[in-house]
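Me: Please take me through a few local features of this model, giving the cut-offs as each term comes up.

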Amino acid sequence: MAYQLKNEHLSVEIAEPGTYRGSRFDWTGFITGITLLDGNHTFCVPESLIPGQGTGGAGLCNEFGIETALGYDDIGPGGHFPKLGVGLLTRLDDRKYEFFREYPIHPFKVSVVRENEASLTFHSFPEDCNGFAASLSKRISVAGNRLEVEYHLRNTGIKELSTEEYCHNFLGIDDHFIGTDYVLRFPFELSPTADEEKTLSGLSFNRGEVRFADRPTGPFYFRLPGFDGGQYPWIWELLHEPSGAGVRELSQFPVSKAAVWGEGHVVSPEIFIKIELAPGEEKRWARSYEFFVK
């Protein structure tokens, strides 16, 4: 069963926990569809247009620990390690942890509390794994033309939680392919870096704007250094210029780093937050999105 949030401006579709069954993305609050009712503009697209390809991402889905999995290096093949928002995963062999690899999952128990037509809360219950345990709540709500995702993470284990969280925003406005009609903006001058320069082919950077010379024929990816999100009224904006439809993220927290990934049908700004929690400590943060027509 999917959940829907709705008001006079937005309609939001959220998957039932367990609909997505991969070992990468948070199972709670997996947002698969967003419609701005003024013009019926849509924003969410799948990670891949080819069925069975990719890691199963779609729309707004977040991930904890893309680079380093909690406790992974301390166990051998067959041992368990926690993936926040997902469950206890099984280490397969001696290879290093790889976020795109599928691992067997013992999912966390999840409850869903429907507050009203415009909000609901997911709660992922802690389960001890070699001293790691955490309680995670995620409240999703709509107000006006804004979507708010509020996180509450509490360390209930005996070991420190050291990880990062980000949202992989898989965006394609009205299913228009990425190309000259799009502009991705940041409110500061860009200094992008990439492991492979060829992934920047066809992209131009000028005064905080990223533009596309044509529809990308392969994946593109670049990183941006961290910054204080609280210094800006918004931290990125994606606009489809012919229709005037766009979305901007208004989140205000210290950004540990940022990145942008995409292909010919999707562009995904990714804003990371660092999480360091001693046993008993907790952290709250929020991601806020504004949808508009210029």
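Me: Does Asp175 count as buried or exposed?
Reply: With a relative accessibility of 55%, and with buried meaning under 20% relative accessible area, exposed over 50% and partly exposed in between (1.4 Å probe, protein chains only), Asp175 counts as exposed. The model is predicted, with local features needing pLDDT of at least 70, side-chain atom pairs counting only at pLDDT 80 or more, and totals for chains, interfaces and linings using all residues. Residues are numbered from 1 along each chain as its sequence is written, and side-chain values use heavy atoms, leaving out hydrogens and water. The class asked for Asp175 is therefore exposed.

Me: Near what value is the phi of Asp175?
Reply: Asp175 belongs to the loop between β13 (161-169) and β14 (182-185), where strands (E, at least two residues) are DSSP runs numbered from the N terminus. Asp175 is a residue other than glycine, yet its phi is positive, near 60°.

Me: What is the relative accessibility of Arg207?
Reply: Arg207 is placed in the loop between β15 (203-206) and β16 (209-212), and although not a glycine, it has a positive phi of about 50°. Arg207 counts as exposed because its relative accessibility is 72%.

Me: What is the volume of the largest pocket?
Reply: A pocket is an open set of points on a 1 Å grid over the protein atoms alone, where a 1.4 Å probe fits, with protein on both sides within 12 Å along at least five of seven lines; lining residues have an atom within 4 Å of a point. Grid points are joined across faces, edges and corners, and a volume is the space filled by probe spheres set on the points. For the largest pocket, that volume is about 600 Å³.

Me: Which residues are closest to the centre of the largest pocket?
Reply: Elements giving two or more residues to the lining of the largest pocket are β13, β17 (220-228), β20 and β21 (266-277). Of the 24 lining residues, the closest to the centre are Ile66, Phe99, Asp195, Tyr221 and Trp261.

Key:
Helix = DSSP H or I, 4+ residues; strand = E, 2+ residues; numbered from the N terminus.
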